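I opened this entry to record what I looked up in the model.

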Amino acid sequence: MLRVPVGGQRLDILELLRDPAAHFPPERHGSLLDGVDAATLATKLGVSHAVARTHLDLLVGVGLLRARKIGRRTLYRRDEYRIAEVRSLFEKGW
């Protein structure tokens, strides 16, 4: 899932969200600790909003990201606990 041709962008999303403050400007309304919206990620990746949403929806679906609605925006952040579980599975040889 992460290594298909577009998987590089999914890995990029996970990496960008590891430390949002290092990769994105401060939020005008809220905190980067709450997450980053799809439009901001799309701009950073150089893809359309729809492409970013597809990647984000997939990553939320497998549990690597959490989505949280604040007002009309959906903010995305890493689920560190789930990422650690997946990493452990791969290290054990699945």
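I began at Gly46, which lies just after H3 and adopts a positive phi of about 75°. The model is a predicted one, in which local features need pLDDT of at least 70, side-chain atom pairs count only at pLDDT 80 or more, and totals for chains, interfaces and linings use all residues. Residues are numbered from 1 along each chain as its sequence is written, and side-chain values use heavy atoms, with hydrogens and water left out. Helices (H or I, at least four residues) and strands (E, at least two) are DSSP runs numbered from the N terminus.

I then examined helix H3 (residues 38-45), where Ala38, Leu41, Ala42 and Leu45 are buried (under 20% relative accessible area, 1.4 Å probe, protein chains only). Seen down the axis of H3, the buried residues fall within an arc of 100°, so they line one face of the helix; the arc is that of the directions from the helix axis to the C-beta atoms.

Next I turned to the strands, which pair if DSSP finds at least two bridges between them. I noted that S2 (residues 65-70) and S3 (residues 73-78) pair in the antiparallel sense over six bridges. They form a hairpin with two residues between them, and Gly71 in the turn has a positive phi of about 65°. Within S3, Arg77 stands opposite Arg66, and Tyr76 stands opposite Ala67. Tyr76 is also the bridge partner of Val36. I found strand S1 (residues 36-37) joined to S3 by two bridges, the two running antiparallel.

Note on methods: Buried < 20%, exposed > 50% of the residue type's maximum accessible area, 1.4 Å probe, protein only.
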